[in-house]
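The exercises below are to be worked with the sequence and the 3D structure at hand. Each task is followed by a solution in steps.

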Amino acid sequence: MEKLSLSRDLAEAAALQRRKEAERQRQSRVFDACVRTIGLDKQGLDVQVHDKEVQKENENKWNEALDAQMVQNDKIVCLLDERQKEDIRNLNKSINEFRLSFQKEEDRREFDLYDPQALKKDLPARLSDDDPRCSVSGLQRLMGEDLTESERKRDQQEQLREWCLQQRRELAKALEDQKFAGSLYDKMRIELDKKAMELQRMEEKARREICTFTKEFNRVQAEEALERRKLEKQQQEEDNSVEISNLTEGDMLSENPAQATSAFGLHRVVTDRWKGMSPEQLKDINNTQQQQSLEKMRLKEAERQRQAEWDRQKAQEARTMLLLERQQKRQERELRKAQDHINQQLAQASKAQKVYLDKEVFSNTPTAQYFEQFNTTSR
């Protein structure tokens, strides 16, 4: 009986120890924030994770769009800079051409003072006894006074007035030309800007198509080169066979004109054996000339066809680039619409969540007594 009571006490003590150990392990799991999983809103956490992923994806798309826009702006800036440099070069060239055409040295009023050909153009020192250029000391005219002073002054005043009027006219014409050139330059800049934008769009489309056209063109060129090499090889084989036949069937000791061929080259003959060119040789020369003429015509026709094909491909590339640009614009508009729709949905969801939290979740503010009942036991 005592043994039975002792074994029962040991069993109860062991059971009590197991319950204590289980309670201790449970408390370690409940109170340790690193391993505790009780009381978490997993659905809310999943929603937050999903929202963060969507937000991150939208930010990545927005950054990619900004990067593409920055690259395009850099290209436009480079193109405008090159155009400005070209406009400055053209303006300087026009100014130099105007100076060379309308501001020559010989057209200046004072050109006679430093004309290098003045001595050649000048009159002799004395033409006759009545030459008005003769001075008083030359004893040609002893007038003692300037009889044409009034006429000379009047002519000088008239000449001065004409010079002033001419300068005014030239100044007015220069101002008018400058204003007209400025208006033309502004119009040209606007037109060039429009053309630059269009060329940029066409260039961006052509870059995606140029590789394909280049590969196709290279393939055609390679096939033509291969065919040409085959023809050249066939022609060489035929020439070799003809040469071998001539060497094996020719008779050097007969009256064959080929016996007059010199050992120093085909363009030289042995004078004591040569009897003139045979009709066959003349015919061969004529045939060779005709073949060369036909070959030249064939090459010209092939070059013309290649140029026409290249022009057609460039026109096709331009049309393809225009279609691709329109498609890209449509895709960008659809992307902006989708982005606006997603942002609107996110704003509505955030607003609904805020209303839910304010009205449903955080409707009652807990007091200190509410928090004091926690962490007292694991149950």
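R161 is partly exposed, with a relative accessible area of 41%; buried means under 20% relative accessible area, exposed over 50%, and partly exposed in between (1.4 Å probe, protein chains only). This is a predicted model, in which local features need pLDDT of at least 70, side-chain atom pairs count only at pLDDT 80 or more, and totals for chains, interfaces and linings use all residues. Residues are numbered from 1 along each chain as its sequence is written, and side-chain values use heavy atoms, with hydrogens and water left out.

**Exercise 1.** Find the salt-bridge partner of R161 and the network that R161 belongs to.

Solution. Step 1: apply the criterion, a side-chain nitrogen of Lys or Arg within 4 Å of a carboxyl oxygen of Asp or Glu. Step 2: R161 meets E162 at 3.4 Å, N to O. Step 4: E162 is partly exposed because its relative accessibility is 32%.

**Exercise 2.** Describe the secondary structure and the burial of the chain.

Solution. Step 1: count DSSP runs, where helices are H or I of at least four residues and strands are E of at least two, numbered from the N terminus. Step 2: the chain has six helices and zero strands, in the order α-α-α-α-α-α. Step 3: 8% of the 379 residues count as buried. Step 4: the chain exposes about 33,800 Å², 55% of it supplied by carbon and sulfur atoms; accessible areas come from the Shrake-Rupley method with a 1.4 Å probe, and for residues only the protein chains shown count as cover.

**Exercise 3.** Is K205 buried or exposed, and which residues does K205 touch?

Solution. Step 1: K205 is in helix α4 (residues 149–249). Step 2: with a relative accessible area of 1%, K205 is buried. Step 3: taking contact as heavy atoms within 4.5 Å, and leaving aside neighbours within four places in sequence, K205 touches T320, M321, L322, L323, L324, E325 and R326. Step 4: K205 and E325 are 120 residues apart in sequence, with their C-alpha atoms 6.5 Å apart.

**Exercise 4.** Which residues make the nonpolar surface patch of about 330 Å²?

Solution. Step 1: select residues with over 30% relative accessible area and no salt bridge, then join nonpolar side chains (Val, Leu, Ile, Met, Phe, Trp, Tyr) within 5 Å, or like charges within 9 Å. Step 2: the nonpolar patch is made by Y356, V361 and F362. Step 3: Y356 is in helix α5 (residues 279–361) and is partly exposed at 48%.
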